[in-house]
Amino acid sequence: MSAGFYGGLKLNRLGPTHGAAPVRFVPPAVALCLDQQPGGEVIPCVKAGDAVTKGAPVAKSDRLAWLHSPVSGKVAKTARLRGKQYILIKNDGRGDEYPRDPFTGPLNTVSAAAITEKIRRMGVVGSFSRFPAHIKIIAAAGKAFCLVVNCVQSDPYGSFVREVVKAHAEEITMGARILAKAIGVKKVVFAIEKNERSAINALSAAIGQDDPLITIIRPEPRYPLGEERNLLSALFGREVPAGRAPHDIGYAVFSAETVLWVYNACAEGIPVTEKYLTFGGSCFGRPKNIIAPIGSSVKAITEFCGGISGGVLTVGGTLSGRLLSEPDGCIGKSEGLYIALPSKTVQPGECIHCGRCAEVCPMHLSPTEFLPGGFFIESERKLCDGCGCCDTVCPAGISLTDAIRSCGTENRI
């Protein structure tokens, strides 16, 4: 077993959301984006004026994960905004639920195909990746021998993953058994940083002793350990070849929240309708861990957290997130980190070729090759996962991640 992965950074945990129990946010309305996964939009099956209950399907597809209403109420309208289709539903506050449809018999008697189809119809996608879970299951079946449940959250301000694991350890454990059946693996590994003691204790109690299927591995905390390629390197000393997926080397990796959604879909008949979130950082008035319905307004949750004072908002992580000029938009199934920090005022200088960026890059890249005047190989550019380690250590203050994303074709070889 490897002691770690190449590169990365040792970051201290920051912010008051660590250890804070999540609070529920109740919106007056939700706007559901129909583009919640790669592969295109799902097709609305409701229209303006229709009454819906919580959990009712509102958009379907023959091949993609469905979309469900996270509130009870009435469909106000469907509209296209910024090139994407939305369904706006006004919340009536009653919380009436759509009839649940779980598997009624023992789950060990349910076929892998039935589990996979249930997961699709219940709208399960990657809680970080957006990738449809049913497609990932189909791709891994017959190739993967080990399921890895990723309970890592290495972002310095992120904390909602720990809260998911603490609150739902038993459900996540059962969800892992369901996924193991669907994929056809005989081994399940829960990966969680060794300093997450409360979450580890919850998992250990749920799994029990000497479980023949499930084990827990506690790697050293290091950013960005949560990226699945880095995680496999840290746990097993295995690297995923460029252009390949984890199942090509025998592993299927699912996040803890996605596995919880799998349990809800199969054992409870509950579709994906809400998301765990961290609204953190020093510039929020009241930073919080939150459980919010899919489609909730980012601006409304920002106000719920005391607003932002003297800072900028990023979505996706402290180092790797993208800047939001305005806290507009709505919560999706795969955006969990909203961080507000003071804006950077340092003007970038010239590269001094110190090599620090190459030392910390988990993908073994030399980020300076992507600056103007450098030469790069396109296949290497695609390896960049946007973790931001290179930006953090650059003494010249250069945003190397942006340079990699925006480099043109003139210096491509």
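## Basis

The model is predicted: local features need pLDDT of at least 70 and side-chain atom pairs count only at pLDDT 80 or more, while totals for chains, interfaces and linings use all residues. Residues are numbered from 1 along each chain as its sequence is written, and side-chain values use heavy atoms, with hydrogens and water left out.

Helices (H or I, at least four residues) and strands (E, at least two) are DSSP runs, numbered from the N terminus. In the residue classes, Ala, Val, Leu, Ile, Met, Phe, Trp, Tyr, Cys and Pro count as nonpolar, Asp, Glu, Lys and Arg as charged, and the others, Gly among them, as polar.

Two packed helices are described by the angle between their axes and the distance between the axes. Axes are lines fitted to C-alpha atoms, for helices over the stretch in contact, and angles run from 0 to 180 degrees between N-to-C directions. Angles under 35 degrees count as roughly parallel, over 145 as roughly antiparallel, 65 to 115 as roughly perpendicular and the rest as oblique. Contact means heavy atoms within 4.5 Å.

Helices α4 and α7 pack at about 80 degrees with their axes 8 Å apart, and are therefore roughly perpendicular to each other. From α4, the contact takes in Glu 171, Ile 172, Met 174, Gly 175, Ala 176, Ile 178 and Leu 179; from α7, Ala 256, Val 259, Leu 260, Val 262, Tyr 263 and Cys 266. By class, this contact has 11 nonpolar, one polar and one charged residues. Helix α7 (residues 256–268) also packs with α1 (residues 112–121): their axes come within 9 Å and cross at roughly 110 degrees. The pair α1 and α7 is therefore roughly perpendicular as well. Ile 115, Lys 118 and Ile 119 of α1 meet Val 262, Ala 265 and Cys 266 of α7, a set of five nonpolar, no polar and one charged residues.

## The α4–α5 crossing

Helix α4 (residues 169–183) has a further partner in α5 (residues 197–207), where the axes come within 8 Å and cross at roughly 55 degrees. These two helices are therefore oblique to each other. On the α4 side are Ala 169, Glu 170, Thr 173 and Arg 177, and on the α5 side Ala 202, Leu 203, Ala 206 and Ile 207. The contact divides into five nonpolar, one polar and two charged residues.

## Cavities

On a 1 Å grid over the protein atoms alone, a cavity is a set of points where a 1.4 Å probe fits but cannot get out; a pocket is an open set with protein on both sides within 12 Å along at least five of seven lines; lining residues have an atom within 4 Å of a point. Points are joined across faces, edges and corners, and a volume is the space filled by probe spheres set on the points.

There are two cavities of 30 Å³ or more.

Helix α3 (residues 160–167) gives the most, with three residues. The classes here are five nonpolar, one polar and three charged.

## The second largest pocket

The second largest pocket holds about 940 Å³ of space. Among its 27 lining residues, Thr 318, Leu 319, Lys 344, Asp 391 and Ser 399 are the closest to its centre. Two or more lining residues come from each of β15 (312–315), β16 (322–324), β17 (337–341), α11 (389–393) and α12 (400–406). The lining has 11 nonpolar, 11 polar and five charged residues.

## Local backbone features

The peptide bond from Tyr 223 to Pro 224 is cis, with omega near -5 degrees. Pro 224 lies in the loop between β11 (214–217) and α6 (228–236). Arg 82, in the loop between β7 (73–81) and β8 (84–91), has a positive phi of about 55 degrees although it is not a glycine.
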